[in-house]
Amino acid sequence: MTARSALRRYTLVCFLAWLPVGLVMPSMVLLMTERGLGLAQIGLVITVFSAVTVALELPTGGLSDVAGRRVMLAVSAAFLTAALVLMSVATTFWMFLVSGALKGVARALSSGPATSWYVDTLHRLEGRDADLKPGLSRGAAMESVALCLGVLAGGVLPLVAPAEVVFPLAAPSLAGAVAAAVLLAVVLLALPEPPHARRTLRGVLREVPATVVAGVRLAAGGRVLRRLMLASACSGVLLMSIELLTPGRLAQLAGTTEQGSTAYAVVAALG
């Protein structure tokens with residue numbers, strides 16, 4: 001493998017990792033609404049996703065040093081595939097809640113392994129002094145491109161999906177499941193595990209409480225960090241409110257949920 005080949009594989013994984021997220025975004029709230037969930041229940045589903053992601057972020061962060069970067073990415077893609085398939089067929093609040101939890105697990109597992117894979121691979125090919133910035137920047141750019149294109153495609157799919165074959169608002173999540181399955185295949189076939197320092201599971205889990213305590217102390221002890229944390233928390237609440245309330249309002253203005261999904265896709269893509 002060459003550095004150019006490693007970069008192509010890394011950017012492809014970055015693109016495929018965020019494509020399902022974009023595909024699902026325009027129709028997710030509207031799908032749950034059409035399946036009978038109220039705003040409070042939809043908000044709880046989203047909250048469970050966020051809580052699971054945050055709770056597992058630190059414990060799973062070191063697992064790639066134990067199981068390997070390739071394994072973590074593959075397991076994440078498998079969880080995401082299962083979550084989106086379940087979302088597509090979900091008809092009850094509890095099914096959507098389980099789907100949200102599975103998506104939270106997938107998001108936590110996918111946080112970091114792809115970047116670690118690229119860093120380890122480039123270090124092996126070009127040494128410890130290899131310039132990582134261009135490749136990491138391209139990976140981040142591909143994530144944004146995937147999110148934007150996925151949102152636009154996910155907004156159009158309900159309009160063109162044949163209603164006799166699939167529930168229109170479920171088409172984006174089915175497409176997202178297919179994209180996640182493609183990601184799983186790419187990870188298994190195109191990402192050889194690079195050499196890296198191995199750690200024990202016990203050692204990783206032992207570090208989690210100390211890391212949490214140190215992070216809280218650091219954030220609480222610095223005025224600038226406190227302001228950043230407060231700003232992040234406020235922006236998170238605002239964004240969740242926008243994502244929860246805007247799709248329904250646009251559906252009312254557009255006339256149908258499918259057209260509302262398309263309208264919200266345009267708004268989200270611009271964002």
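## Packing of α5 and α6

In this predicted model, Met72, Val75, Ser76, Phe79, Leu80, Ala82, Ala83, Leu84, Leu86, Met87 and Val89 of α5 are in contact (heavy atoms within 4.5 Å) with Met95, Phe96, Val98, Ser99, Leu102, Lys103, Val105, Ala106, Leu109 and Ser110 of α6. By class, this contact of α5 with α6 comprises 17 nonpolar, three polar and one charged residues, where Ala, Val, Leu, Ile, Met, Phe, Trp, Tyr, Cys and Pro count as nonpolar, Asp, Glu, Lys and Arg as charged, and the others, Gly among them, as polar.

The axes of α5 (residues 69-89) and α6 (residues 93-110), helices being DSSP runs of H or I with at least four residues, come within 8 Å and cross at roughly 160°. α5 is therefore roughly antiparallel to α6, a term for angles over 145 degrees on a scale from 0 to 180 degrees between N-to-C directions.

## Confidence and basis

The protein chain has an average pLDDT (the predictor's confidence in each residue, from 0 to 100) of 89, and 96% of the residues score at least 70. Confidence is lowest in helix α4 (residues 63-67), with a mean of 73, and highest in helix α9 (residues 171-190), at 95.

Residues are numbered from 1 along each chain as its sequence is written. Local features need pLDDT of at least 70 and side-chain atom pairs 80 or more, whereas totals for chains, interfaces and linings use all residues, and side-chain values use heavy atoms, leaving out hydrogens and water.

## Recorded annotation

An unreviewed UniProt entry lists residues 12-32, 38-59, 71-95, 140-161 and 167-191 as "transmembrane region", although such annotations may be inferred rather than shown by experiment. In the model, residues 71-95 are 88% helix and 0% strand, with end C-alpha atoms 27 Å apart.

Definitions and conventions
Helices (H or I, at least four residues) and strands (E, at least two) are DSSP runs, numbered from the N terminus. Angles under 35 degrees count as roughly parallel, over 145 as roughly antiparallel, 65 to 115 as roughly perpendicular and the rest as oblique.
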